[in-house]
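Dear colleague,

Please find below the structure I am handing over to you. My findings follow directly after it.

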Amino acid sequence: MSRAALLVLADGRFPAGGHAHSGGAEEAVKAGRITGAADLEDFCRGRLHTAGLVAASLAAAAALGVPARELDAAADARTPSPALRAAARKLGRQLTRAARATWPSDELDALAREFPKGAHQPVVLGLAARAAGLGAEDAAHCAAYESVSGAATATVRLLSLDPFAATGVLARLAPEVDLVADAAVEAAGRVRGEGCGALPAAGAPVLEIGAEVHAGWAVRLFAS
Amino acid sequence: MHLDHPHASSTALSADARRPDGRRRALRIGLGGPVGSGKTATVAALCRVLRDELSLAVVTNDIYTREDAEFLLREAVLPPERISAVETGACPHTAIRDDISANLEAVEDLEDEVGPLDLVLVESGGDNLTATFSKGLVDAQIFVIDVAGGDDIPRKGGPGVTTADLLVVNKTDLAPYVGSDLGRMAADAKAQRDGLPVVFQSLRSERGVTDVADWVRARLAAWTA
């Protein structure tokens, strides 16, 4: 594996559409649940251990070669909100395009044929990691980190939060990101024997409900 | 689906001139410029003039979701299925330049759903003087400024003013009321643009969007030649 390839894939500037999504932060800011760095950290910790853990395990399983069709169904089952499903597929489609251009591979081409309107983003992320010569641990780390980094940078824009404070939140969460990624890889390793039921199904009802509320707004800055 | 052609897989991702079924894709023209300079009004005027002679569609990139798309829908310049809004997370310049994936999908979906298309206009949300379109997204770009934004903008330059394929100086009818010197703007633009064309227009005049429409027709003729 190439450590630098991991940096390319994990770079917040990787052109796969993430910049237009807040990971639920926009709704949480408006509802008064995020007002500064301290509650941003709480919010991100909640995301990491729920949506982040699920995403990381899906990405790790995809990187291990579990069929995308099965993982995509598993992602649907773990995503009750239609708005979040739509956002995950939209981002998955954008990541498919960016990854195919960046690391051409037959597997990514096959994914694009099977899911012309996009598979769930973490599934695509795992296959992108595979195409980049990366492993399940790398894919899980990317997914877990993305689950908090997007919300943090969105909050900088939404609240004019001090960007150093937001980055400090991410740094403090880093050891937990490692733990979540480890747990995700462990679960993904059991899918071959036990099926996709081995993947974690940690849910965050407020994120799901908030996404539905957000999708109904007439005016918003972020797509989700 | 166009993705069924494996040999196109590495080239049909952004700027490729042909759709993977071999047909030439639509010409894509971007319109950018500062807030309030008249981008949406210019797009609306172009649609009214060109819709009877061309198959066209519009993609908007709003700062706040769908504002510009809804203006175009209210004005009924095109049927709703020919207008698509991309959400930009508060950064239209990112969506038109640094991360064009959402715009490429919007363009391709329009071609799939209402195509074949001759022309897609991609409008950026109002942004700053450095906002330009990626060549992976558009084939040509128009930068729209207006006389009320200050007659020193052409002199200040910036990538939009100096490199856009067409510079439009809009709202010339307002020049006497805001003290803008059109002659100076024309001279500054000429000096900054190294021979690239400039159009002065007032959409309230009888001539309206004629010059820009003629420029678009010429680009389209070159594209399909």
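I begin with a strand pairing in chain B: B:Leu167 stands opposite B:Val198 in strand E7(B). Please note that this is a predicted model.

Strand E6 (residues 166–170) of chain B is joined to strand E7 (residues 198–200) by three bridges, and the two run parallel. E6(B) also pairs with strand E5 (residues 140–146) of chain B, again in the parallel sense, over five bridges. In that pairing, B:Ile142 is the residue opposite B:Leu166. E6(B) is mostly covered, with five of its five residues buried. In a regular strand, side chains alternate between the two faces of the sheet. Here B:Leu166, B:Val168 and B:Asn170 point one way, while B:Leu167 and B:Val169 point the other way, and all are buried.

Just after H2(B), B:Ala76 adopts a positive phi of about 55°.

As to the interface, 24 residues of chain B are in contact with 24 residues of chain A. Helices H3 (92–98) and H4 (101–114) of chain B each supply at least two residues of the side that touches chain A. H4(B) gives the most to that side, with four residues. By class, this side of chain B has eleven nonpolar, eight polar and five charged residues.

With kind regards

Technical notes:
Residues numbered from 1 in each chain as written. Chains lettered and ligands numbered in written order. Predicted model: local features only at pLDDT ≥ 70, side-chain atom pairs only at ≥ 80, totals over all residues. Contact = placed C-beta atoms within 7 Å. Nonpolar A, V, L, I, M, F, W, Y, C, P; charged D, E, K, R; others polar. Buried ≥ 20, exposed ≤ 12 C-beta atoms within 10 Å, placed from the backbone. Pairing = 2+ DSSP bridges.
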